[in-house]
Amino acid sequence: MKKTELEDIEIQLLLEGVYLYYGFDFRNYAPASLKRRIWNTIQEEELTSVSALQEKVLHDPECMERFLLNLSVNVTAMFRDPTFYLAFRHKVVPLLRTYPFIRIWCAGCSTGEEVYSMAILLQEEGLYHRCRIYATDMNEMVLRKAKVGIFPLQMMQEYTQQYINAGGKKSFSEYYTAAYESAIFSSSLKENVIFSQHNLAIDSSFNEFNVILCRNVLIYFNQLLQERVHNLLYESLGRFGILGLGRQESLKATPHEKHYEELEGNEKLYRRIR
Ligand SMILES: C[S@@+](CC[C@H](N)C(=O)[O-])C[C@H]1O[C@@H](n2cnc3c(N)ncnc32)[C@H](O)[C@@H]1O
């Protein structure tokens, strides 16, 4: 047996163990990036093999927390891909104005930058008071940060520019208070947000939404898991609901491609039509 085959078996055993013991299901994540992240953790934990990582992860919950952080790739930003938000303002907001109440699901929200960005946009468009945003992620640690809504002050220059490019209507600094090295975001932005844990790989639909954002999450999944999640998103979206995906994601090769129309194809904004 080749070394790589043995490594694949060890990885399979590690993921099976993590699933059985902790309930986190990484078995259908895209293999190349998964392998890289597993090896990063092996090095950080000063180990030499996948089996040694399995042993440590299963016996040491703190090691599991670090492993989870490494596997879940929490990179995010406020007004990430500003033109997405610009398209949302121009194409989606007019549709949302016709609804008396708007339910939004931000799936895989990481530390919440996307959620605060959306709350700011909706406030500026006079819609926020009619909205409820469900912000979910599988990782409790990042959700805790999201709930607090405090981000590094050093990021504000970049975020201000992104906010302007996203069609922001005010001065970005109106939304936070600077304290030492932190930007503390206005608590009014989270008034209508519910943060909770939800795992797209194992959990089911929990409501019907007018808008679902699931951006930069599916890229980490293999085809099988992408299909599962697309089924879940489709089931969770009301008729004429809006789906927003990440820049490198699309509906191509999903069972639901024909159920949506492109609202703004370049920005991966779709509308469910049947
Ligand atoms: C790269 S971040 C994207 C954050 C944000 N949506 C954005 O576009 O900036 C990916 C997020 O997906 C979450 N994630 C990964 N697998 C998940 C799963 N099975 N269920 C729910 N969230 C998951 C990770 O914890 C991480 O916070």
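Mentor: Start at E264, which is partly exposed at a relative accessible area of 24%. Here buried means under 20% relative accessible area, exposed means over 50%, and partly exposed lies in between, using a 1.4 Å probe and protein chains only. The model is predicted, so to speak of local features we need pLDDT of at least 70, side-chain atom pairs count only at pLDDT 80 or more, and totals for chains, interfaces and linings use all residues. Residues are numbered from 1 along each chain as its sequence is written, and side-chain values use heavy atoms, with hydrogens and water left out.

Now find the partner. The side chain of E264 meets that of K91 in a salt bridge, 2.7 Å from N to O. E264 belongs to strand β9 (residues 260-264) and K91 to helix α5 (residues 82-96), so this pair ties together parts 173 residues apart in sequence. Helices (H or I, at least four residues) and strands (E, at least two) are DSSP runs, numbered from the N terminus. K91 is partly exposed as well, with a relative accessible area of 36%.

A salt bridge, by the rule used here, is a side-chain nitrogen of Lys or Arg within 4 Å of a carboxyl oxygen of Asp or Glu. The structure holds 15 of them.

Next, look at E45 and R66. Their side chains form a salt bridge with 2.7 Å from N to O. E45 sits in the loop between α2 (31-44) and α3, while R66 is in helix α4; the two are 21 residues apart, and the pair links distant parts of the chain. E45 counts as buried, at 10% relative accessibility. R66 counts as partly exposed, at 37%.

E125 lies in the loop between α6 (113-124) and β2 (131-137), and K169 in the loop between α8 (156-165) and β4 (176-179), so parts 44 residues apart in sequence are tied together. Compare the ends. E125 is buried, with a relative accessible area of 10%. K169 counts as exposed, at 51%.

Some bridges join into a network. D81, E114, R215, R247 and E267 are linked in this way.

Two packed helices are described by the angle between their axes and the distance between the axes. For helix α3 (residues 50-59) and helix α4 (residues 61-72), the axes come within 5 Å and cross at roughly 115°. Such axes are lines fitted to C-alpha atoms, for helices over the stretch in contact, and angles run from 0 to 180 degrees between N-to-C directions. From α3, the contact uses L53, K56, V57 and H59; from α4, it uses P61, C63, M64, R66 and F67. Contact means heavy atoms within 4.5 Å. These residues divide into 6 nonpolar, 1 polar and 2 charged. The classes are simple: Ala, Val, Leu, Ile, Met, Phe, Trp, Tyr, Cys and Pro are nonpolar; Asp, Glu, Lys and Arg are charged; the others, Gly among them, are polar.

Move on to the loop between α4 and α5, where V73 lies. Its phi is near 40°, a positive value in a residue other than glycine. V73 counts as buried, at 16% relative accessibility. N216 also has a positive phi, near 60°, and is not glycine. N216 lies in the loop between β7 (209-214) and α9 (223-236). With a relative accessible area of 13%, N216 is buried.

Step into helix α9 and you find H230. H230 is buried, with a relative accessible area of 2%. Setting aside residues up to four places away in sequence, H230 touches L218, L245, S250, L251, T254 and H256.

Finish with G112, in the loop between β1 (102-107) and α6. G112 is buried, at a relative accessible area of 0%. Beyond its neighbours within four places in sequence, G112 is in contact with A146 and F151. From G112 to L143 is 31 residues in sequence and 7.3 Å in space, C-alpha to C-alpha.
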